[in-house]
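Thanks for coming. I'll walk through one model this morning, starting with the fold and ending with the pockets.

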Amino acid sequence: MSKILLILHVLAAVIAVGPVTVAASMFPAAARKAFAEPGSGLSVLRALNRICRVYAIFGLAVPFFGLATAGSMRVFGDAWVIVSIVLTAAAAGVLALLVLPGQNAILAALDAEPPSAPVTAGRVAMYTGMFNLLWAVVTVLMIVRPGSTTGA
């Protein structure tokens with residue numbers, strides 16, 4: 001059962017988190033272009049934002065299967081699992097509280113007449129970088145598993 005849960009956990013991470021990291025990373029550059037050339041690129045920004053929102057919801061499966069896998073493998077007390085849980089929660093918080101609202105503010109600003117930028121694309125890029133870095137650290141922890149006796 002552990003192997004099935006681990007497979008579902010990894011698949012959920014690849015299928016759900018991957019698109020969010022890519023779309024969120026593309027958003028700031030597209031936003032800069034949309035502000036520089038009013039009327040262009042708004043549909044691209046809306047699509048990138050929709051990808052981030054939808055896949056963020058599917059991304060809830062990642063910690064669900066991760067917790068189930070940790071339980072089945074009896075590693076809940078391991079430091080790398082605890083750190084991974086905390087960093088995953090932090091990544092979710094950055095996405096939900098900073099990245100998505102920043103994207104929404106940029107979309108609202110571009111819809112306004114005249115377009116104005118209350119949240120800069122640079123700030124959204126910084127938040128996105130934080131989100132991506134947190135996921136990268138969690139991924140490394142999942143692979144290296146400090147203190148593991150499995151030899152990985």
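Along the sequence the pattern reads α-α-α-α-α. That is five helices and zero strands in the chain. Please keep in mind that this is a predicted model. Along the principal axes, the C-alpha atoms fill a box of roughly 60 × 25 × 20 Å.

A word on confidence. The mean pLDDT of the chain is 90, and 93% of the residues score at least 70. H2 has the highest confidence in the chain, with a mean of 96, and H3 has the lowest, with a mean of 93.

H1 does bend, by about 30° at Val17, and a proline, Pro19, follows within four residues.

How far apart are the end C-alpha atoms of H4? They are 47 Å apart, which agrees with the 48 Å that 33 residues should span at 1.5 Å a residue. H4 also has a kink of about 35°, centred on Leu95.

Next, the record. An unreviewed UniProt entry annotates residues 47–67, 79–100 and 124–144 as "transmembrane region". In the model, residues 79–100 are 100% helix and 0% strand, with the end C-alpha atoms 30 Å apart. For residues 124–144 the chain is again 100% helix and 0% strand, and the end C-alpha atoms are 30 Å apart.

Rolling a probe the size of a water molecule over the atoms shows where empty space is left.

The largest pocket has a volume of about 650 Å³. Its lining has 27 residues, and those nearest the centre are Leu6, His9, Gly66, Val138 and Met142. By class, the lining of the largest pocket has 20 nonpolar, six polar and one charged residues.

The second largest pocket holds about 240 Å³ of space. It is lined by 16 residues, of which Ala56, Gly59, Leu60, Ala92 and Leu95 are the closest to its centre. So much for the promised return: the kink in H4 is centred on Leu95, and Leu95 is among the residues closest to the centre of this pocket. The elements giving two or more residues to the lining here are H1, H2 (42–58), H4 and H5. H4 gives the most, with five residues. The lining of the second largest pocket divides into 14 nonpolar, two polar and no charged residues.

Notes. Residues are numbered from 1 along each chain as its sequence is written. This is a predicted model: local features need pLDDT of at least 70, side-chain atom pairs count only at pLDDT 80 or more; totals for chains, interfaces and linings use all residues. Side-chain values use heavy atoms; hydrogens and water are left out. On a 1 Å grid over the protein atoms alone, a cavity is a set of points where a 1.4 Å probe fits but cannot get out, and a pocket is an open set with protein on both sides within 12 Å along at least five of seven lines; lining residues have an atom within 4 Å of a point. Grid points are joined across faces, edges and corners, and a volume is the space filled by probe spheres set on the points. Ala, Val, Leu, Ile, Met, Phe, Trp, Tyr, Cys and Pro count as nonpolar, Asp, Glu, Lys and Arg as charged, and the others, Gly among them, as polar. UniProt positions are given in the numbering used here, feature names are shortened, and annotations may be inferred rather than shown by experiment. The expected span of a helix is 1.5 Å times one less than its number of residues. The bend at a residue is the angle between axes fitted to the seven residues ending there and the seven starting there. pLDDT is the predictor's confidence in each residue, from 0 to 100.
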